[in-house]
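My entries follow the structure.

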Amino acid sequence: FTKWKKWQKIISDFGLIIAARNINTNISNVIYKFINDKNLNKNIIILNEKDFPPIDVSSSKIKKMIKEKKSISNLVPKKIEEYIIRHRLYL
């Protein structure tokens, strides 16, 4: 995440909601350490992996599927899909 452009601004202006995307990965400990190390104790919500089961989705996967002209309807809300298509993002 720290390799993203203006990641600090994203956290301060919008915040983050973090969920696991791999059932074999326990992200909580890593993320809590990151939050503490960077002193980012606000604007970040970590979803409990027991209450919110991991899903296999990433921006890279979505971009790849769009380039391959595959449907992303099962990965993003309909309004997001429509926006991406209307603005020809990731093509």
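The entries below go from the overall build to the cores, the pockets and one serine.

**Basis.** I worked from a predicted model, in which local features need pLDDT of at least 70 and side-chain atom pairs count only at pLDDT 80 or more, while totals for chains, interfaces and linings use all residues. Residues are numbered from 1 along each chain as its sequence is written, and side-chain values use heavy atoms, with hydrogens and water left out.

**Overall build.** I found four helices and two strands; these are DSSP runs, with helices being H or I of at least four residues and strands E of at least two, numbered from the N terminus. From the N terminus on, I read the order as α-β-α-β-α-α. The C-alpha trace spans about 40 × 30 × 20 Å along its principal axes.

**Burial.** I noted that 24% of the 91 residues are buried, meaning under 20% relative accessible area, with exposed over 50% and partly exposed in between (1.4 Å probe, protein chains only).

**Cores.** I next looked up the nonpolar cores, that is, sets of buried Ala, Val, Leu, Ile, Met, Phe, Trp, Tyr and Cys residues joined through side-chain atoms within 4.5 Å. The largest has nine residues: W7, I11, L16, I18, I31, I35, L40, I44 and I46. Two or more residues each come from α1 (7-13), β1 (16-18), α2 (28-37) and β2 (44-46). Another core, of seven residues, lies apart from it and includes M65, I66, V76 and I84. In soluble globular proteins, nonpolar side chains tend to be buried together.

**Largest pocket.** I then turned to pockets: on a 1 Å grid over the protein atoms alone, a pocket is an open set of points where a 1.4 Å probe fits, with protein on both sides within 12 Å along at least five of seven lines, and lining residues have an atom within 4 Å of a point. The lining of the largest pocket has 29 residues, with W4, I17, I18, A19 and R21 nearest its centre. Its largest share, four residues, comes from α3.

**Second largest pocket.** I recorded I66, K69 and R88 among the residues lining this pocket. The largest share of that lining, three residues, comes from α4.

**S58.** I located S58 in the loop between β2 and α3. S58 is buried, with a relative accessible area of 15%. Its side chain reaches the backbone nitrogen of K61 at 3.0 Å.

Notes. Polar contact = N/O pair within 3.5 Å; in protein donor to acceptor, adjacent residues only side chain to side chain.
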